[in-house]
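Take a look at the fold below. Where do its nonpolar residues gather, and how do its helices meet?

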Amino acid sequence: MNDPHDTLSDLQLARLAARDERAFEALVRTHAPMVHRLAASLVGPGAADDIVQEVFIAAHRALKGFRGEASLSTWLHRITLNACHRALGARQTVTMEDTPEPHAPHDPARAGEQAQVRDRLARALAQLPPDQREAVALRELSGLDYAEIAALTGAELGTVKSRINRGRAALRALLTRAGVTL
């Protein structure tokens with residue numbers, strides 16, 4: 001059954017979600033996968049669920065003040081980054097032992113290989129400096145463009161490009177050393 005809230009623009013949905021529980025549920029349904037992907041890339045899959053919950057609790061509290069100056073997804077990215085930074089600061093280390101299982105694998109051998117590659121990628125990503133890890137995750141996992149990343153992180157556009165370049169190069173080197181061929 002389709003929810004009529006699913007057809008609203010993000011701005012309309014955000015305004016309605018500030019006072020309507022079903023609209024807020026539609027907002028969460030729409031944006032939770034993106035929030036989870038970003039959180040998992042920064043704090044690891046095991047802690048990502050807690051971050052998602054924290055992000056949407058914070059978003060619900062702040063929706064009345066959301067003015068729409070930035071897109072809703074950009075606003076949620078910022079809340080997610082803040083929550084991830086707090087979580088990382090609280091534990092000082094990033095562990096990425098848990099890797100998500102592939103969705104409905106048809107070939108068990110291939111699924112095992114994919115899980116190994118995901119594990120190696122998660123471990124390599126965890127070894128990047130935080131600013132590079134964040135920039136690479138926002139670009140490659142969240143699909144943001146350089147200008148959006150600059151706006152979210154408060155870094156200059158050239159700095160964002162440099163962080164992504166250095167992060168990609170470091171990931172390539174780390175993965176190559178781990179036996180992953182690109």
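The paragraphs below go from the cores to one helix, and then to a pair of helices.

This is a predicted model. Start with its largest nonpolar core, which has 43 residues. L27, F56, L63, W75 and L76 have the most contacts inside this core. At least two residues each come from α1 (10–17), α2 (21–43), α3 (45–62), α4 (72–91), α6 (130–141), α7 (146–153) and α8 (157–177). The largest share belongs to α2, with 12 residues.

Now pick out F56. Leave aside its neighbours within four places in sequence. F56 is then in contact with F24, L27, V28, H31, A32, V35 and L76. There is also a second, separate core, made of 8 residues. Among them are A124, V136, L175 and V180.

An α-helix has 3.6 residues a turn, so residues three or four places apart point the same way.

Finally, follow α2 to where it meets α6. Their axes come within 10 Å and cross at roughly 150°. Angles over 145 degrees count as roughly antiparallel, so α2 is roughly antiparallel to α6. The crossing of α2 past α6 is right-handed. On the α2 side, the meeting residues are R37, L38, S41 and L42. On the α6 side, they are R133, E134, A137, L138 and L141.

Terms used
Residues are numbered from 1 along each chain as its sequence is written. This is a predicted model: local features need pLDDT of at least 70, side-chain atom pairs count only at pLDDT 80 or more; totals for chains, interfaces and linings use all residues. Side-chain values use heavy atoms; hydrogens and water are left out. A nonpolar core is a set of buried Ala, Val, Leu, Ile, Met, Phe, Trp, Tyr and Cys residues joined through side-chain atoms within 4.5 Å. Buried means under 20% relative accessible area, exposed over 50%, partly exposed in between (1.4 Å probe, protein chains only). Helices (H or I, at least four residues) and strands (E, at least two) are DSSP runs, numbered from the N terminus. Contact means heavy atoms within 4.5 Å. Axes are lines fitted to C-alpha atoms, for helices over the stretch in contact, and angles run from 0 to 180 degrees between N-to-C directions. Angles under 35 degrees count as roughly parallel, over 145 as roughly antiparallel, 65 to 115 as roughly perpendicular and the rest as oblique. A crossing is left-handed if the near helix is turned anticlockwise from the far one by less than a right angle, and right-handed if clockwise.
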